Amino acid sequence: MASLAESGPGVASQPAPGQLVLVACSGGADSLALAAATAFVAPRLGLRAGLVTVDHGLQEGSPARAAAVADWARSAGLGPVEIATVDVTGRPGGPEAAARDARYQALSAVAARTGAVAVLLGHTRDDQAETVLLALARGAGPRGLSGMPYRKGVLLRPLLDVTRAETRKACAALGLAAWEDPHNTDPAYTRSRVRADALPALIAALGPGVVANLARTASLLAADAGYLDGVAAEALGACRSGTGLSVGALAALPAAIRSRVLHAWARELGAPGAALSHRHVLALDALVTGWHGQGPASLPGGIVVGRRAGDLVPAGL
């Protein structure tokens, strides 16, 4: 972590001296090692470094654990130090998705309030490999197989080329007692089963290099997906009509671009990304390429899109 600018593809520039970066820290080995490294490196780069820990309220004793992380951060010289308490109830998706969405919203809010230019996340190469496997299992396309981006908005992942074993070694060398999240070994959670069973089985069958290769696949696909998304963004503008999207313009697009255009447009209409799936995009695509007078397509969020006078049009227009 000698330079935040060297932490991976897509990280455009080094924060300016005096700017604030925050570390998101649960107290686990990965984020604890990252926080300790940031406390050491940031002052040498002329940066201010703080910490935010999120209390999801999902486990007994979570407020005390968050307070302990905050106390350690202050003793390590990090500041400001924030505890963000979130409520995950009533959010779309399963418990893992709900907690993740609540956490990212809280981190972004703290960054905006404190003026931080980046929030550093402790995801490692192992996390990236697990993400790719989960994407494969649900039949995701290139965007899903791209895994977690090095940077998305204010969120930055500088440890995606570092292994989980290395963060544990770092904590041991520094005498840091990392918290072991029981959810990480709970078989009720899909990612926990991948971590405990699926990935070790692949390593046993294919060798230890499979983790790095899965992460490399994500990086390669991220570059391709980024380019195609840029092309699709331009195509979306060209397909707009007075009320929606032109069917003729959509039909002229290559399938790889058209699916991205339809996905992006569905998001514009308000379809939540966590619930918007490939089958929804296929239903929209059928209104373009498989039109035989069928009814409208239903999207998440109660959105309905039909075909009218040569355009795809959301209901109500």
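Helices α4 and α8 are roughly perpendicular to each other, a label for angles of 65 to 115 degrees. This is a predicted model, in which local features need pLDDT of at least 70, side-chain atom pairs count only at pLDDT 80 or more, and totals for chains, interfaces and linings use all residues. Residues are numbered from 1 along each chain as its sequence is written, and side-chain values use heavy atoms, without hydrogens and water.

Let's stay with that helix pair. The axes of α4 (residues 125–137) and α8 (residues 209–239) come within 8 Å and cross at roughly 70°. On the α4 side, the contact (heavy atoms within 4.5 Å) includes Arg125, Asp126 and Leu133, and α8 brings residues including Val211, Leu214 and Ala218. By class, eight residues here are nonpolar, one is polar and two are charged.

Now turn to the largest nonpolar core, which has 25 residues. Such a core is a set of buried Ala, Val, Leu, Ile, Met, Phe, Trp, Tyr and Cys residues joined through side-chain atoms within 4.5 Å, where buried means under 20% relative accessible area with a 1.4 Å probe, protein chains only. Helix α1 (29–44) is among the elements that supply at least two residues, and α1 gives the most, with eight. Leu78 is one of the residues with the most contacts inside this core; beyond four places in sequence, Leu78 is in contact with residues including Ala35, Leu51 and Trp72.

Finally, look at Asp285 in helix α11 (residues 278–289). Asp285 is buried, with a relative accessible area of 16%, and the Asp285 side chain makes a 2.6 Å polar contact with the side chain of Arg258.

How values were computed: Buried means under 20% relative accessible area, exposed over 50%, partly exposed in between (1.4 Å probe, protein chains only). Helices (H or I, at least four residues) and strands (E, at least two) are DSSP runs, numbered from the N terminus. A polar contact is a pair of N or O atoms within 3.5 Å; within protein, one must be able to donate a hydrogen and the other to accept it, and residues adjacent in sequence count only if both atoms are side-chain atoms. Axes are lines fitted to C-alpha atoms, for helices over the stretch in contact, and angles run from 0 to 180 degrees between N-to-C directions. Angles under 35 degrees count as roughly parallel, over 145 as roughly antiparallel, 65 to 115 as roughly perpendicular and the rest as oblique. Ala, Val, Leu, Ile, Met, Phe, Trp, Tyr, Cys and Pro count as nonpolar, Asp, Glu, Lys and Arg as charged, and the others, Gly among them, as polar.
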